[in-house]
Amino acid sequence: VIEQGQPEHSVITTCAYCGVGCSFKAEMKGDQLIRMVPYKNGGANRGHACVKGRFAFGYATHRDRITAPMIRETIEQPWRSVSWETALAFAAERIKAVQHRYGRDSVGGITSSRCTNEETYLVQKLIRAAFGNNNTDTCARVCHSPTGYGLKTTIGESAGTQTFESVMQADVIVVIGANPTDAHPVFASQLRRRLRQGAGLIVADPRHIDLLDTPHAGGGLHLPLRPGTNVALINALAHVVVAEGLEDKDFIERRCDADAYRSWRRFILAPDNAPEATAAVTGVAAAQVRAAARRYAAAPNGAIYYGLGVTEHSQGSTMVMGIANLAMATGNIGRAGVGINPLRGQNNVQGSCDMGSFPHELPGYQHIADTAVRRRFERAWGVSLDPEPGLRIPNMFDAAIEGTFKALYVQGEDIAQSDPNTQHVEAALTALECLIVQDIFLNETAKFAHVLLPGASFLEKNGTFTNAERRINRVRKVMPPLAGKEDWEVTQALSNALGYPMDYRHPAEIMDEIASLTPSFAGVSYAKLERLGSIQWPCNDDHPEGMPIMHAEDFPIGKGRFAITGYVASEERASRRFPLLLTTGRILSQYNVGAQTRRTANQLWHAEDVLDIHPQDAQERGISDGDWLGISSRAGATVMRARISTRTQPGVVYTTFHHPHSGANVITTDNSDWATNCPEYKVTAVQVEKVSRP
Ligand code: SF4
């Protein structure tokens, strides 16, 4: 793919990188994509774009693309290219053989937040209807599953409350554990525009992020907390609000459950939640916490944006509930300029959660144990559904090592690189008797696979993505699939090979089925998407054109429920053996494990992951900029080069995870969120020492 010449035609589609969901005009010359031009009518981006969506699309025609299905009897054997029919028959026979030998529940699958809503819906349907169990999970497990739990518990809906544009009416913007400049660049531009207009900024992050350098007339505050202490900080902020009588009493009375509020009020006023008490835990001075709480509570409109620095902790779900508590206590929900806004990492994290990928929820977050819900799906799908939730991803790994889980279908996720504690993941994958990987590249996970089904890039398929503001955007086919099939067609063919018939002719038909079974999608159709451009769910009879801002009058659960959010220290603590805390994040030019961006010119901007270390910690260890470092944790060890940086605080080191050879996840542990098993990527106790060049 090269940028040249005048286009002959163009196709409007959606970026497949981050959760902002920018619309693009893909400009074509013949069958060649020559340019991606940000689309001025795009609901999320209004003609803006970042360096990833704009330029990093060449991976779609990279020579590494897999163009034919491959199989092998054992992972020691070389791959054999075969026809689609042979590969799918081989995969189906293996799954059947495993189920025959080890039982129905010995197989499962993982959906991808990179794939479309329709593809994700189909994979979970395949697992529930054709495999006959609920062993379905999504890569959102390892990023925003605590958002699902925390928001559903408190405000009744597992989704952000606002549109991105709403930030332009915020007076104080709170950013917690997120770095939008690198991870959500187009939204970050909008946010900076609002800061320049005079909104105040509060950042809670162990690192000094770029946003803090944006001129903000409304004043800025950085709360540089220690990794793993989010909950202590959010409780301290809420303590100040309540103790100083800064609550929105009218909102609490009208919109929140009175008993839950009374219990929470008693809890939050306890002396150990006071900022003077939490300072020793968080490292943030009480005066800073008090100033931040007063500023947020006093603002006419206070908006909270958060990222994986909130969710990827052993108390990720608790922290999400803590954020909801604070927003409810101050009445910052239900109008423009306020709200709780999870910044979703991948393009379709919201969608993969909406589409029933989790083992306990059918599409639309309808619980599998609810008999009426299950009956509705059973009638539509013509099968009996298991009422018991299935295995989550980490449970699948554990069960594989124990020998009770034997076959796995993974669509569009590189679990061997992206999940924590690589050694544990690899041991699980090695123990499988059948691993089916569907991907566009021979990724790290494929090294353990028996069947490789070529995936289609976002340019080669029709469907929809749902962005972080619940906006359903159309994805339109720009070029034919390199291997001849879109991903939904592959899942459908596998289902048919297994004996459970599927017969969709276009993703529009899959969306029609989703709409018929999912109340929040009841009014969604491709025809309406063509007419409106995009739709923010819920979209149904009450809101036929969608709902940009949620919870204006009530919550789906009626009254908002304050939750008790006691702080529990992470098991990962600095010790004599591992005295530093490692936290991880992303850089603008690369994306996640880098499978796509490393195969584009973006690689030139960031060719390796490095370890940011504070000058004080570096000096103690005799480390200079560019030195090779050995980094070890209780999970494993790796090497990286040093970058001396004052963006981190003493005692905290930081790296990105875009390159497989540096293997950041070799050292992250398998600690996880108590409620959802989301891994604690953001806190790993490590030792760092200078080593000779590897
Ligand atoms: Fe794509 Fe996100 Fe960049 Fe928009 S901000 S172009 S969605 S990577």
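**Exercise 1. Locate S520 in this predicted model and decide whether S520 is buried or exposed.**

Solution. Step one concerns the secondary structure: S520 sits in the loop between helix 20 (507-517) and helix 21 (526-532). Helices (H or I, at least four residues) and strands (E, at least two) are DSSP runs, numbered from the N terminus. Residues are numbered from 1 along each chain as its sequence is written. The model is predicted, and local features need pLDDT of at least 70, side-chain atom pairs count only at pLDDT 80 or more, and totals for chains, interfaces and linings use all residues.

Step two is burial. A residue is buried if 20 or more other C-beta atoms lie within 10 Å of its own, exposed if 12 or fewer, and partly exposed in between, with C-beta atoms placed from the backbone. S520 has 24 C-beta neighbours inside 10 Å and therefore counts as buried.

Step three lists the contacts (C-beta atoms, placed from the backbone, within 7 Å). Leaving aside neighbours within four places in sequence, S520 is in contact with G364, W537, P538 and N540. The C-alpha atoms of S520 and D354 are separated by 9.2 Å, although the two residues are 166 residues apart along the chain.

**Exercise 2. Describe the surroundings of E572: in which loop is its place, and which residues does E572 touch?**

Solution. E572 belongs to the loop between strand 20 (534-536) and strand 21 (580-585). Because 24 other C-beta atoms lie within 10 Å, E572 is buried. Not counting residues up to four places away in sequence, E572 touches G228, T669, N671, E680, V683, T684 and A685.

**Exercise 3. State which domains make up the chain, and how many residues of domain 1 are in contact with domain 2.**

Solution. The domain assignment, whose bounds come from an automatic or database source, gives domain 1 (9-61), domain 2 (70-143 + 350-536), domain 3 (145-342) and domain 4 (580-690). The C-alpha centres of domain 1 and domain 2 are 26 Å apart. Across this pair, 18 residues of domain 1 are in contact with 18 residues of domain 2. On the side of domain 1 that touches domain 2, strand 1 (9-14) and strand 2 (23-29) each supply at least two residues; strand 1 gives the most, with 4 residues.

**Exercise 4. Identify the residues that come nearest to the ligand, and explain between which domains the ligand lies.**

Solution. The shell around the ligand has 14 residues, of which C15, C18, C22, C50 and G53 come nearest; a residue is near if its C-beta atom, placed from the backbone, lies within 6 Å. Helix 1 (51-55) and helix 6 (185-197) are the elements that give two or more residues to this shell. Domain 1 (9-61) and domain 3 (145-342) both contribute residues to the shell, so the ligand lies between them.

**Exercise 5. Find which members of the largest nonpolar core touch the most other members.**

Solution. A nonpolar core is a set of buried Ala, Val, Leu, Ile, Met, Phe, Trp, Tyr and Cys residues joined through C-beta atoms within 7 Å. Among the 96 residues of the largest one, I173, L237 and I323 touch the most other members. Helix 7 (residues 230-243) provides the largest share, 10 residues. L237 touches V289, A292, A293 and L326, not counting residues up to four places away in sequence. A second, separate core of 78 residues includes C353, F397, A407 and C434.

Methods. Contact = placed C-beta atoms within 7 Å.
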